[in-house]
Amino acid sequence: MQLFHAFARIACALACALLLAAPAMAGAYKQEYKLSVVPGPTSGWALTAMYFADQVRERTNGRVNIKVYPAGQLFAGKQTNEFPLLRQGAIDFALGSTINWSPQVKELNLPCMPFLIGAQPHPYKAMDAILAGKSGQMMREAIEKKGVHVIGWAENGFRELTTSKGPVTKPADLEGMKIRVVGSPIFIETFRALGANPVNMNWSEAVTGFQQGIVDGQENPTNGINLTVKIWLYHKHHCDWHYVIDPLLTSVNPKVWASFTPEDQKIIEECATLTEKYGKALSRVGLDEGESLAYLKSLGKAPAVTDPYAFMAQNGMTVTRLTPEQIKVFADATKDVREEWTKKIGPELVKAAEADMASVK
Ligand code: X2X
């Protein structure tokens, strides 16, 4: 009987210990992790973030529950404030853009250098070579140094010009036009070099600005942004000039990252790799040789619009796709901006990017 009591006591103590430990273990993970996205819920960017969140939830069996907050809800106002908030931990995760983080991480101005990547013979291959190469690694390290952990890349896309006056085929067509840009200095300098009048405006106010005709034009990626805001309602002219590209970063606050088990970190990294494939396909569908559409079909996620050029034309836009010769005229007009920013972001990084891109010429 005494032996029975001793066993019972040990069993009871073990059960109590387990009961106490269980909530403590569960408590190490938050019930919800907040992921920040700048544009609205229908943007390709937000869909990419939702894909990441869904993959993570599914593959961690619900242990890591990420909720996407689109339309800049987590940083009321200025989109260039997202990075410090993520670093401080007010935001857990972000699918952030190189543009919006470039004021804090100067290396992220690399893809914003006018006509550096887009003027290559194979612009998407050039982008992929950078992200997978030494220059991509250098950008990631620069972000890590500033206190944010990068899990992977994705894509907002090449930024094309849309205007109410036009069509635009040469810098002189931009003379004096008011163009909305993000509040990042390289954009102001690029548009000034082209003779335009750049106006800094947060995305949260930009579409109202287009509606009210405060500006004559803007630049954003075709699939992910321009189609999703029905840009033809405001601008009748589309100019495909690939002048800069906006890669995205799946990223997390380092303390949040450290709170995950190594197993969950591995799963989240795998989800980021899938997200890169999905996000790039969404951004490139109908703009590449057909690989993106084939991939999205294989996932059962083909979008409604698979020929963006035809779709814009159906909606009354003139669609001008600049020839390499026409692009060269714009590239020449912005040479000084590239040179100036090469000094600012570091010639080693630009050299590494040129070497990465040369490998796929
Ligand atoms: O503000 C923009 O133009 C947008 C939505 O593309 C970015 O956040 C960079």
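How do the residues of the lining of the largest pocket divide into nonpolar, polar and charged? They split into 15 nonpolar, 13 polar and 15 charged (Ala, Val, Leu, Ile, Met, Phe, Trp, Tyr, Cys and Pro count as nonpolar, Asp, Glu, Lys and Arg as charged, and the others, Gly among them, as polar). The model is predicted, with local features needing pLDDT of at least 70 and side-chain atom pairs pLDDT 80 or more, while totals for chains, interfaces and linings use all residues. Residues are numbered from 1 along each chain as its sequence is written, and side-chain values use heavy atoms, leaving out hydrogens and water.

On a 1 Å grid over the protein atoms alone, a pocket is an open set of points with protein on both sides within 12 Å along at least five of seven lines, a cavity is a set where a 1.4 Å probe fits but cannot get out, and lining residues have an atom within 4 Å of a point. Points are joined across faces, edges and corners, and a volume is the space filled by probe spheres set on them.

The largest pocket holds about 1,000 Å³. Of its 43 lining residues, H122, P123, Y124, H242 and L287 sit closest to the centre. Helix α11 gives the most to this lining, six residues (helices are DSSP runs of H or I, at least four residues, and strands runs of E, at least two, numbered from the N terminus).
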